[in-house]
Amino acid sequence: MAMNKAIRFVMWNSQRLSHSISTKPSEVTHVKRNTVSDKSFADQNSQFLHHPKSSIPSKVFKKADKSFHKRLDEFRQTIKQEILSEILKSPHKLSQPYSSKATDQIAFLTKDELDKANENAQKRYAEILSSDPIPSMIRPDISKTEMNDPGLAWLYESPITFVDTSEHVSDQDRYIVTRHVNGTLINESHTERDKIHGSFFKKPEQIYPPFDFLDSDPLFSELLISDESDKLSMLDALPHCYSTDHPKFQQRFNQITDAMLNNTSLMDSIILSRHFIPMVERGLTDKNHDVSLLIHHLHSTGRLKIAAEISSMLFFKDKRTCRKGETFKAGQVLIINGKEFKIPADRRRMYKTHENNIKASLLCDVELEDIQYVRVEQTSPGENSFLITLKDESIAEALHNSGRGNRRFYNSQKFDIFPVKDQSELK
């Protein structure tokens, strides 16, 4: 840990008020009373000795309405079950969190022992997939002047940092201040707090200092664009190097997941990992990631239920979806396309019917005879909306995702599908 040698450290336990001082990180000795007595020390620093709490909130999450959080919990459980089911049916090896201990073992087992091992493995899979959500906000700057007391300037030849060493105090709540030579008492910045925590209060499995490839922008950029780098391993290492509300964690998380979301060859690996749900949640709540290509890939690979769940969350606050107390007209769908939809010339020659009917059959992925009625309106330049009535009501309900909204693709062109609300039953 790089520290200014002119800075001395005083560590105290707020429960016992026992003090120790160190001039170097590797040396810890008792306080020498050549400057100030214990009594006067406590009196002069009572403003922070008796208030060992910082202003950092332990968890900072973006505020949202309760209905969205409830739906997000349901979404999380559904996606986890779908991923778990796929993992158990495939030879895919689930990437485990980083550990300094060996995880692969070889053993001869009886049938009962094998059944028990498989049961434990399924529980372990579920634990790994149960990742905590990533905070939507970066930790706030807490460096501030606690007190300015010029009368104490003569006491100090160099700055002294005071650190609460009490047990069961979180890194967020640990009180760390520095008394400067001019008598000013400063609440330390996150940068200095990270150095102190990493050196004196290192957690199990914590990596400090962080890996160079995560801390260095040039090295990280080189690895990110390389096809040889293991992006999942980079994600696995992140929470061991930084807290989730650390600006570097959020920057690297966004960069890695964006790289994976824009490369279809990497999508399967992140879908079947513990990082998938936090990544999708972050993309849906903060709009940090475009999930359109992901939804397209999920449809292409037959993961229709996961695609429908993500689409429903994507349109959760869209007024065109059905809310509580609202119903949709059976058999009808409203399809919005981002660009003017054109059909191939061979399709026009093959079918002797109106062009709009051909478009509707392609968008809904049904036969022409399944189309009952089509109405097309231009909602904006280059964008049309299709109001389609299908003969099969179940197909229509599946298309608009039971009123929750859906996103589908035709020839890589994006279409948003909504229900047609029953205006007569709206409350």
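Biologist: Which residues in helix 3 and helix 13 meet?

Modeller: Keep in mind that this is a predicted model. From helix 3 you have Phe-68, Arg-71, Leu-72, Phe-75, Thr-78, Ile-79, Glu-82 and Ile-83, and they meet Lys-305, Ile-306, Glu-309, Ile-310, Ser-312 and Met-313 of helix 13. Sorted by class, that contact has eight nonpolar, two polar and four charged residues.

Biologist: And why is helix 3 called roughly antiparallel to helix 13?

Modeller: The axes of helix 3 (residues 66–89) and helix 13 (residues 304–314) cross at roughly 165° and come within 10 Å. Angles over 145 degrees count as roughly antiparallel, so helix 3 gets that label relative to helix 13. The crossing is left-handed, by the way.

Biologist: What makes the Phe-249 and Phe-253 pair stacked?

Modeller: Their centres are 6.0 Å apart, with 10° between the planes. Pairing needs centres within 6.5 Å, and planes under 30 degrees apart count as stacked, so both tests are passed. The two sit four residues apart in helix 9 (residues 247–261), so about one helical turn separates them. Phe-249 and Phe-253 are both buried.

Biologist: How many aromatic pairs does a search of the whole structure find?

Modeller: Three. One of them is Phe-211 with Phe-213, stacked at 5.4 Å centre to centre and 15° between the planes.

Biologist: Why is Phe-211 called partly exposed?

Modeller: Its relative accessible area is 28%. Buried means under 20% and exposed means over 50%, so Phe-211 falls in between and counts as partly exposed.

Notes
Residues are numbered from 1 along each chain as its sequence is written. This is a predicted model: local features need pLDDT of at least 70, side-chain atom pairs count only at pLDDT 80 or more; totals for chains, interfaces and linings use all residues. Side-chain values use heavy atoms; hydrogens and water are left out. Axes are lines fitted to C-alpha atoms, for helices over the stretch in contact, and angles run from 0 to 180 degrees between N-to-C directions. Angles under 35 degrees count as roughly parallel, over 145 as roughly antiparallel, 65 to 115 as roughly perpendicular and the rest as oblique. A crossing is left-handed if the near helix is turned anticlockwise from the far one by less than a right angle, and right-handed if clockwise. Contact means heavy atoms within 4.5 Å. Ala, Val, Leu, Ile, Met, Phe, Trp, Tyr, Cys and Pro count as nonpolar, Asp, Glu, Lys and Arg as charged, and the others, Gly among them, as polar. Rings of Phe, Tyr and Trp (its six-membered ring) pair if their centres lie within 6.5 Å; planes under 30 degrees apart count as stacked, over 60 as edge-to-face and the rest as tilted. Buried means under 20% relative accessible area, exposed over 50%, partly exposed in between (1.4 Å probe, protein chains only).
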